[in-house]
Amino acid sequence: MPSAAQILVDFLCRQGVDRAFCVPGESYIALLDAIHDAPMDLVVCRQEGGAGFAALADARLTGLPGVFMVSRGPGACNASIALHTAEQDAVPLILLIGQVEARDLRRDAFQEIDYRRMFGGFCKFVGEATGPEQVPELIARAWAAATGGVPGPVVLSLPEDVLAEDCPVRMVEPTRVEAAAPDPAPLAALLRAAERPILLAGHGLEGEGGRAALRRFAEAWNLPVAVSFRRQDLFPNDHPLYAGDMGLRNPDAQRDAFAEADLVVALGTRLTDITTQGYSWPAPGQRLVHVCPDPRFLGWHFPADPAITADARALLAAMEREAPGFPKGRTAWCERLRALHVADTKVARRDWPDGLPFAEVAQAIGEALPEDGILTLDAGTFGAPFYRKVSWKPGQRLLAPISGAMGFGAPAAVAAALRCPGRTVACAVGDGGALMTGGELAVALERKLPIKLILSENGGYASIRIHQEHQHPGRVSGTMFGNPDFGRWIESFGLPLLRVNTRDDFAAMREAIRRPGPAGILVRTSMEAVLPRRSALAAE
C-alpha cells in the first residue's frame, strides 16, 4: 500500500507537475523519499523564501501551480513572503509544510504553528491532515483552490508521521469547474457606441493564448490598451494601440486623459490599489465593464455595469462572434493616448557625479534582450525604467513581483533558466535585494545555468530614500548601507564579471547579454539621479 506521501507526489505528477523547489527538513523526509523515484525534478534551494519565489516564477511560465516544500516553524515563516506575493500577483502556488506529529498538534510542540491561523487571511485554502486517509482529498482541494477563479496560494500542513503512513484511500481528482460561456452582446453594444474607450488588461490574460486573443480583440475593435501594474509583456509595446501601464507615478497628462474615457473595459484584473491609481480610476461617471472570474472582486471598489463573472479569455473568444464597429472619432483618441505613452518613454541624457542613471542602463538592456528573452526583476527604484522606458516585444516575458517584494529577482531567474533552457534569461537586481536571496545563484552554479545578472549598486534603499527626501529633505536615516565587494561576490557564482561605470561600457554590456553563456554585470548607479531635489534641479 502506498504511503500518504507517495499518493501526494503521484497526484502532482498526474496533474503535470514536473518540478518542485525545497529547503529540506526532517519533518517531511517521507515526502522527499517519495520524490526520489518520481518523474519530478527537485531543486534544492538555500532559503525558503527563495524557494517560494522560484516556484512562483515557474508557475508564471507554465500556467500550472508552482510547488515548494519547507519544514515547520522557521521554514514556514520564511516561506510566507512567497505566499503573500502569489496572492498579490494572482499566481497559483502550493506550499507543502512538514508539520509536527499528529499526536502533538495544538500542544505547542517544538516549532509548531497553527497554519490555518497564520495563513488563513490571505491564502485561498489552508488544510491540515490528521490522518493519511485525508491527504488525497486535501491535495485535490488545494489544487482546485489554487487554480480556480482568480489563482492564488494554498497551504497544506502535513504531519511527519501522517506522511509516512500507508494510505488506504484511492487517488482523488480535483474538481474542474466548467464556466458557462459569457454573453458578448452587452459589451459589443457598448464598444460600438464608445468614442473614448480604454481596455485595461490584467492577469487573466497571462494564460495560454491570452496575449494573442487580446491583440486580435484590440485590433478588431480599434481599442487602446493599457496594462495593469507590471504586466507590460501582455501587449506589444510598440503597437499603435498600446497606451502604457497603470503603475507607480503615472504622468499627470496620461492620468488626465484616462479620466476622459467614456468606457473602461477591465479584463482579468481585480482593480487593486496601484492599477487604479489609489482607487481613483475609473472615476465616478465613467462607465465600467469589469470581467473577472471571481465574483468577490466585482463591485468591490467600483460599480460596474455590467459586471461579468467570466474568464477574460473566454469572453474574448465569445466576442469574436460579434461584428466590430466603432465611431470615427475613436482613431484620434487612440493616437492621443499613444502619443502620451511615447512621450513618457523618453530618457533625458545627463551626467551625474556618483554613477550612471539606471534609466539609460535599462534601455540598453532592453535593446539587447532577444525577442524571446526573459527578464526577471527584483523590487526597487532601479526597476522602474523597465516598465516605462523599455519597449516589450511579443515573445518576451517580464517576471516581476506585483507585490513589490524584494528578493524575487534571482530565484525567479533560476526558475526561468531551468524551465526555458534555450532562451536568454536576464535578471536585474539592486544591491539591497541581491543579498536577500542572491544565494539562490548557487543553484545556477550547480546546474550550470547561463543567467545574465545585472546588479545595480548605489549603496542604499533608493525607493525609501526618495520618500524620505520628499517628507524629510536632507535628513537621511536608515536608508543607506555599506556593501561587500560585489565583483568578487558575482564571480563566486561562476559569472564572468563586467563592470559598467560609464556609457562607454554599454557596448560590452549589450554583447554580454547577447552572447551565449553566463554573465555578471555590475553597474555603478547614481543615487543622485533619482532623488527628488536633484532630479528637479536637473530638469530646470
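**How the descriptions are reached**

Reader: Against which elements do the buried residues of H2 pack?

Author: The buried residues of H2 pack against helix H1 (4-14), strand S1 (19-22), S2, strand S3 (66-71), S4 and helix H7 (160-164). Contact here means heavy atoms within 4.5 Å. The model is a predicted one, in which local features need pLDDT of at least 70 and side-chain atom pairs count only at pLDDT 80 or more, while totals for chains, interfaces and linings use all residues. Residues are numbered from 1 along each chain as its sequence is written, and side-chain values use heavy atoms, with hydrogens and water left out.

Reader: Which residues of helix H2 are buried?

Author: Helix H2 covers residues 29-36, and its buried residues are Ala30, Leu31, Leu32, Ala34 and Ile35. A residue is buried under 20% relative accessible area, exposed over 50% and partly exposed in between (1.4 Å probe, protein chains only). The names of the elements come from DSSP runs numbered from the N terminus: helices are H or I of at least four residues, strands E of at least two.

Reader: What is the strand order of the open sheet, and why are two of its strands called edge strands?

Author: The 6 strands follow the order S2-S1-S3-S4-S6-S5, with parallel pairing. Strand S2 (41-44) and strand S5 (125-128) are the edge strands, as each pairs on one side only.

Reader: Why is strand S7 described as largely enclosed?

Author: In strand S7 (residues 197-201), 5 of the 5 residues are buried, so the rest of the structure largely encloses the strand. Pro197, Leu199 and Ala201 point one way, Ile198 and Leu200 point the other way, and all are buried.

Reader: How do you know that S7 pairs with S10 and with S8?

Author: The bridge counts decide the matter. S7 is joined to strand S10 (residues 263-267), running parallel, by 5 bridges; the bridge partner of Ile198 in S10 is Val264. With strand S8 (residues 225-227), S7 pairs in the parallel sense over 3 bridges, and Leu200 stands opposite Ala226.

Reader: Why does Ala257 count as buried?

Author: Ala257, in helix H10 (residues 252-258), has 0% relative accessibility, so this residue counts as buried. Leaving aside neighbours within four places in sequence, Ala257 is in contact with Trp333, Arg336, Leu337 and Leu340.

Reader: How far apart are the C-alpha atoms of Ala257 and Leu497?

Author: They are separated by 45 Å, the two residues being 240 residues apart along the chain.

Reader: What makes strand S18 mostly covered, and with which strands does S18 pair?

Author: In strand S18 (residues 519-524), 5 of the 6 residues are buried. S18 pairs in the parallel sense with strand S16 (residues 452-457) over 6 bridges and with strand S17 (residues 497-500) over 4 bridges. Leu455 stands opposite Leu522 in S18, while Gly520 in S18 is the bridge partner of Leu497.

Terms used:
Two strands pair if DSSP finds at least two bridges between them.
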